Structures are given as structure tokens and as C-alpha cells.
Amino acid sequence: MAGWGLVFLAFPATPTSLFAVPVTTRPAFTTIRTPGQLPVHSSLRSAPPDAAAEIRVPSAPQRVRGLSAVFASEVVMALSPVVLALAGLWAVAQRFTSSRSPQLAYATAAAGVAETREKSWNIEIPTMYAAQTATIPANVEAAPAVPTVRPPAPRDPKLDSWTPAGTKPDGKDYGEIAKQHIITVGVSVHSTPVEIRERLAVPKENWPKAIDELVEHPHVQEAAVLSTCNRMEVYAVAPDYVNGVRDVVNWMVTHSGVTFEELAPYLFLKQDGEAVDHVLQVSAGLDSLIVGEGQILAQVKSVHQVGSESKGFGQYLAAMFMQAITAGKRVRSETNIATGAVSVSSAAAELAQLKLPSRKWEGVSVAIIGAGKMSKLLVKHLVSKNCLSMTIVNRSLPRAQELQQEFPEANIQIELSDKLMDVVSRSDVVFVASSSTEILIKADDVVNMPKPPELVGGVRRFFDISVPRNTSKDLNDLSTAHVYNVDDLKEVVEMNKEARSQAAADALILLKEEKAQFEGWMASLQAVPTIKRLRGKAESIRLLELEKAKAKLGEDVSAKQLKVLEDLSRGIMNKMLHAPMQALRSDGDVQSHVNTIRVLGHVFGLSEEDEKHQGRK
């Protein structure tokens, strides 16, 4: 039966055809043996008595042919199920091999797409099988594709001939301390237009891939990426500063499509102590467009979190970003830098109010595109400015509904993305804070919309704080529309800068302490090999001299006396090592610490060259 089932699986037939074939049964033959007679079939037993006389005894050849036929029929009937089963398995294997892979069929069924087959299933069992395959639980998602890590692209000859600025570190040379340089290469809102920044931007989910691609370059040992609406920065550890910078820039050009000629005028480069100063100031909010902003600290934490799961994020960058997180927390808790408008969202809300003719939100129709963190801050600041009526447009309902519940004092309406243009057409002020990487609103979408009321000056204002931007700059060509992006927030920044100048000065003092902590840690790493070599060398000398003393004393020395000798030799060694060990563990000036390590290594012959030389002796 299994064989027939597999055959029907492999060769489709209509349901009726299974039962239309006439069934031929084999007569049951039972042989009756009587003494002195040939075998007689049981079917003859029912014959009348006088029929027995008519039975002829077959000849020997006839008997042989008859027995052969019976034997052959028995063999065929016994083997036919096996042959059918093997044929069915082969046919099913051919069918399933030629079809799509199970993973693709699974994903196709999950998407609700009907799969086209060369042959249709027409019998019950395969139809049930196909239906079960297509039934997928709602909470099961197809496994995400593993991002492909691109190998390093060949360098542009112009990049190879370019000598980066700042080849000599300003301050301590980390190459002398750790034989590695810490490098920062990036662009920021302070000097780079948004048109360049948005092309360089790397979404957070792609940071691990970026790290893996960066460390594939020959001169990059460790890497990290920080990409926000205000900046795109790469942090790297490299033994050679110049080639390390070239490798990072080569990756940035390859990743973004921005040419080296386009990128070079906007790049800033930091090396060693300057690179550490920079990341500490970034985490503290001192380098942000809005001084003291709170979001950047969370983004720095994300760099450490994402990096800790990547092999290319090594011990130096891990320690540096942990120090930056500590510094950011200290600055916000020990200074007043976080007062006033401290985020891009709050600055956008302030700028929008400044641009309104009445400077008030009463009667103004407001829309917010997106329902993420930036939108949440927008709602918070708008509510604080007495803007209590707004519409949120999002791709899905849950996050927008969370905002609706979190701010019950506001009249928040929710629309899905398919109603975007309808919402824009009846809004006077539109904030765009979505995570889309495409342009959502163009001049062609707005040109035929109703003109806004005179209350807002007859102009529909768009405040796009997304990077990459989601609004087209051709909106400014319309007489009834104007778009502002992140770079336009500087007007608000200047208003708040004076109030934060003293807090920023206090923050810089704290950051110097955090930098000293990091550099001390880096120097201590270099002391570890020297400490191990010094203690190991002292221990080997102690044991050698102890064995010599035991040999001179002979076998008459008791266990107690040997214990005294052991304690004596160990005590002398520890007292002699105390001062050098304290010097190696010093938390003083880093450069002095490095010099101490070198001097002790030279005095005690602890370098690798000294050890090799002693080994040859």
C-alpha cells in the first residue's frame, strides 16, 4: 500500500480514476494432496463424483511448466510492492528536487503568494500536505538575510597621494604608549551640509556590518560608527595614522558613493588625545548643534552596545566609549548644561513657533509624520507651548496610540501613512521625523493643495528633522510652502548658547579628569607585560639560588629548615620588587609612567630582545 501511495503522490490522477480501474482478483488455489496422487486444486473438490474419472494426469513437462508459472506469479506478487515503493520514492524525490527550496516555499506561503506548479495536486493526500505547508503561525517570521560584508575597494590614486592633516599628535603620542593610534574621521552639522551627511548616514542596524567592513582594511585594527542626524563619525584604532585615515576614508567613499573630491573639504580628523577629547565632548553634548542635548548620550551608549557584539570593536574602543558614557552622565548630573531646549525636537518646536506670524499655536493645524523618539519629544515640547491639537501619521497604529495615551491633555488624531497627503493638505505646520530613507513629500504633491489661512501667513511650513531628509527642497520654489531642515535650527542654537557657556566651561573640567582616567588605563596595559616579566625573572632567580643552597647543605637539612630557607628567599624577593612594582602601577602622569616602564625594562633586562640574548647565553 505504501508503494501505491507513493506512486499516486508522484503521478497525479483524477480522484475518480483511482476507482475506475477494474479490480482483478486472483483465484485462491489450495492444493489437496492425497496418498499416491498428484496435487489436486481445491476448486475441483466441488465437482460431482463422476467428474473425478475425467481428470487427466498431466505429463512431466506440463507439470514443470505449471509449477514454473505458479512460482513466477508468486515472485511477481511478492516483489511488486517493493518495486512500486522504490519507483514512487524516486518519482517523489525528482518532483521535490525540481521544485523550489523548502525555505523559499515557506517564505512564499507566509506572504500569502500562491505558488505556481507544473502539475496540480489532484488527490487528497498531497492536497492536505500542501495545505499544511502553507499554514504558518502568525508570529513566525522568515529569518533575516545575513548582510554581505564587502571586501575593501581599491584606493583612488588621489587618496593614496593625499597626506591627512594632523600627522603629529597634539599632546601625548599614543603610539609611544600603546603602539596604536586612536583616530576619528567624520563630518558634522557644524561644517557639512545635510546633502553630504545624508549620503554618508549609516542606519543603526547596519553598524555591525560597517564595523566588519572597516576592520577588513589592512591598517584598521578596531572600528566603531556613530551616525546621527547631526554627524557621521568613524572611530578607529590603527598602528599607522596616515594609512589608517586613508583606509577609513576609502570605506566612507565606497559606502556612500560620495567622491573623495566631494568629501575631502568637509572631513575633520582627530588623533590620539584629540580623538578622546572629541568623543567625551560628543557624549557630554558639547559638540551637538543644541549644546547639552540628551539624545546623543543614548546614541553613544548604542555604539558601545552594538560594538560589544562585533569582533572589530576591541579593548581600546570599548574602554574609550565606556569612559565617554561615564563622562556624559557626570556632566549632566554635575552641571546645568541640560537646561532649556536640549534636543533637535525641542529646537524644531521653538523654531516653528518663531516662524508663526502670531507666535502662538492657537488655531494652527499641526501634523507630525512619524511616531518615534523624536516625535515623542516633539509632542512633549509642543504641549508645553500650549499646542494641544495635532495629527500623527505613522505606518502602524501601536506607537502612535502610545503617544496618544501618554499625552491625554492633547487632542491627538491618528492616521496611517496612506492618508499622508490628506493630512498634509489640511495642516499648516508639518513636522517630519520619520525613519524613512526616501523623499515622502515633493512640490508636485503640495502645489495643488488648498492655500493655508492668513493666520499662518498663507504659507504651509515643513520642519524636516530627519536625516536622510524626507522632504524635497523644491518645496521652497512654491509661494505657499517653505521647508526647514536640521541645518536651519542654528537660529535657535544661538539664542541658547549664551545661557550654556558657563555650564560648558564647567563640563570641560570634568572631561579632563575622565580623559586622564582613560590614558592611565591605557598606560597600565603596557605595564602588565613588564610586571609579569619582572616577577617571572625574580622567581626564576630565587628558585635557582635556593636549589644551589639546598645542594650545599646536603641531605641533613630538615623540612623545617627548608621551609625557613623558602620563606627567606621569597621575603627578600618581594621586598626587592616592592618599589619597582609600585612605580609600574603608578597613576601619575602617563608619559612619566611610560618612561618608568622603559627604564625598569632596560635596567632589569626585561625586553624581548634582552630575554632572547639571555637565552642564547
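Author: A polar contact is a pair of N or O atoms within 3.5 Å; within protein, one must be able to donate a hydrogen and the other to accept it, and residues adjacent in sequence count only if both atoms are side-chain atoms. This is a predicted model, where local features need pLDDT of at least 70, side-chain atom pairs count only at pLDDT 80 or more, and totals for chains, interfaces and linings use all residues. Residues are numbered from 1 along each chain as its sequence is written, and side-chain values use heavy atoms, leaving out hydrogens and water.

Reader: Which backbone nitrogen lies 3.0 Å from a polar atom of the Ser227 side chain?
Author: That is the backbone nitrogen of Val202.

Reader: Is Ser227 buried or exposed?
Author: Ser227 has a relative accessible area of 13%, so it is buried (under 20% relative accessible area, with exposed over 50% and partly exposed in between, using a 1.4 Å probe and protein chains only).

Reader: What is Ser227 in contact with, leaving aside its neighbours within four places in sequence?
Author: Ser227 is then in contact (heavy atoms within 4.5 Å) with Ala201, Val202, Trp207 and Met232.

Reader: Switching topic, what about Leu214, buried or exposed?
Author: Leu214 is buried, at 0% relative accessibility. Once neighbours within four places in sequence are set aside, the contacts of Leu214 include Val220, Ala223 and Trp251.

Reader: And how far apart are Leu214 and Val249?
Author: Leu214 and Val249 are 35 residues apart in sequence, and their C-alpha atoms are 10.0 Å apart in space.
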